[in-house]
Amino acid sequence: MASWSSDTPCSCDCFVSVPPASAIPAVIFAKNSDRPRDEVQEVVFVPAGTHAPGSRLQCTYIEVEQVSRTHAVILSRPSWLWGAEMGANEHGVCIGNEAVWTKEPVGEGEALLGMDLLRLALERSSSALEALRVITDLLARYGQGGSCREDPTPFCYHNTFLLADRTEAWVLETSGRLWAAQRIQAGARNISNQLSVGTDISAEHADLRTHALAQGWWDGQSTFDFAQVFSLTQQPVRMEAAKARFRAGQQLLQQQQGGITAEVMMGILRNKESGICMDSGGFRTTASMVSILPRDPTQPCVHFLTATPDPSRSVFKPFIFGAGAAQAPQVLSPTFGARDPVRTQPRFQTQVDRRHTLYLRHQVALGLIESEQREACPWDPSPPFLGRIGGGSSGRSSGIWSRRAWRLRGGCFPGSRCHPHRSWAASSRPLWKGRARCMPEHHGAGVGTGPQCNPFAPLSLVLGGQLGLCLNKVCYFPVQ
């Protein structure tokens with residue numbers, strides 16, 4: 001089974017900030033999920049549940065034993081599989097995973113995907129440490145393996161994980177059934193498609209060092225460095241690119257030490273120069289997530305998800321667990337039952353359209369944006385830049401949006417008094433008149449009040465304090 005080649009696209013980036021690196025008393029988690037460019041990610045809410053003794057659970061390829069109780073989770077996942085690329089649960093546990101290749105051969109048989117392990121850990125744990133134990137126990141019992149993309153040509157890898165909760169974070173890196181983990185109790189940390197746990201190992205598989213010694217990868221005398229011992233001796237070009245992204249991510253975090261916020265994390269995820277926000281080699285950033293996990297247990301955790309590709313041209317929509325949490329149908333992909341290419345044998349011989357409503361509207365909006373970029377703005381000598389949402393510390397956009405494009409993206413203008421009963425994705429007209437009486441001014445950040453109002457306006461993000469979007473209720477609401 002082919003699992004890796006020199007032109008295999010591989011790119012994901014996870015970040016975490018633990019006080020005092022954070023600007024507020026909270027752990028902040030972030031991830032860009034970089035996948036095949038036409039793959040659709042949906043956002044799925046799964047409520048807590050109880051299960052009968054002896055129940056079995058169907059994951060992407062194999063069944064596992066079900067536990068008696070599972071926690072509520074919000075997941076961003078490739079719509080063809082059972083697991084998830086990233087997500088959170090009702091207890092404030094967040095996990096993201098990444099592909100990695102080591103000296104240990106990848107599993108050729110179908111087992112648990114790293115994305116299955118991620119979802120299982122979220123459903124079964126109430127802390128980052130407990131999630132780590134869930135993953136390592138499942139690895140020992142079922143192993144990891146199977147193709148990780150919807151394609152007849154297999155694409156397999158080992159997994160690394162970034163796990164976070166309200167108090168701390170863990171980096172868990174695997175090589176087959178073996179693993180090593182590092183605990184992060186302060187500061188900022190990132191992972192990028194390579195082993196990064198070196199000599200600072202907080203926990204490890206019982207046979208990790210004896211296996212390395214038996215394989216001749218370690219002499220048994222020198223200091224044991226997991227990344228050095230298990231990484232491929234000759235790093236291919238793509239892995240070198242991962243190193244560059246890892247270093248760039250470190251620098252971006254270091255520049256904001258002590259001042260890291262959700263907005264800062266969004267800005268990092270939108271950074272194209274570093275390759276963190278990527279589109280190359282058939283892969284692109286297909287979804288993104290940022291979570292705020294307050295140290296104060298009385299404060300709710302807030303999880304921002306895009307549900308659309310390219311965070312530099314997507315809006316992060318907040319989700320909070322609570323009594324009103326429910327599935328948003330606009331970000332749920334269609335299902336195909338027994339006819340699904342992942343269920344038929346041999347797998348992935350046909351293709352189906354998995355695009356959800358928001359994904360389709362996002363495509364239309366981007367098409368409109370790109371066409372408008374080619375037209376000169378009649379009241380501005382410079383062409384309008386309509387397509388990118390900036391991630392600056394001010395929380396405001398570095399681009400501007402047309403009314404039609406913004407409406408197609410499922411929203412209303414900053415400063416507007418949106419109707420809470422109107423469907424977010426089905427909004428049929430601009431809703432800015434309720435508060436402002438006219439469009440926001442083209443050259444200012446405020447709301448225009450004069451008779452001459454331009455039909456373009458700077459987009460203020462949720463954290464900029466102008467508007468909010470409640471994903472589980474599927475509507476916009478003003479932020480007071």
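Student: What should I know about the model before I start?

Tutor: It's a predicted model, so local features need pLDDT of at least 70 and side-chain atom pairs count only at pLDDT 80 or more, while totals for chains, interfaces and linings use all residues. Residues are numbered from 1 along each chain as its sequence is written, and side-chain values use heavy atoms, with hydrogens and water left out.

Student: How many helices and strands does the chain have?

Tutor: Helices (H or I, at least four residues) and strands (E, at least two) are DSSP runs, numbered from the N terminus. Here you get 9 helices and 23 strands.

Student: What share of the residues count as buried?

Tutor: Buried means under 20% relative accessible area, exposed over 50%, and partly exposed in between, using a 1.4 Å probe and protein chains only. Of the 480 residues in this chain, 59% are buried.

Student: Where is glutamine 41, and what does it contact?

Tutor: Contact means heavy atoms within 4.5 Å. Glutamine 41 is in strand E3, residues 41-46, and counts as buried because its relative accessible area is 1%. Leaving aside neighbours within four places in sequence, its contacts include Ser33, Arg35, Glu85, Thr286 and His356.

Student: Which side chain makes a polar contact with that of glutamine 41?

Tutor: A polar contact is a pair of N or O atoms within 3.5 Å; within protein, one must be able to donate a hydrogen and the other to accept it, and residues adjacent in sequence count only if both atoms are side-chain atoms. For glutamine 41 the partner is the side chain of threonine 286, at 3.1 Å.

Student: And where does proline 311 sit?

Tutor: In the loop between strand E18 (302-305) and strand E19 (317-319). Proline 311 counts as buried because its relative accessibility is 0%. Its C-alpha atom is 7.1 Å from that of alanine 287, 24 residues away along the chain. Not counting residues up to four places away in sequence, proline 311 touches Asn32, Leu269 and Cys277, among others.

Student: How many disulfides does a search of the whole structure find?

Tutor: A disulfide is a pair of cysteine sulfur atoms within 2.5 Å, and the search finds 0. Cysteine 59 is buried at 0% relative accessible area, and cysteine 277 is buried at 4%.
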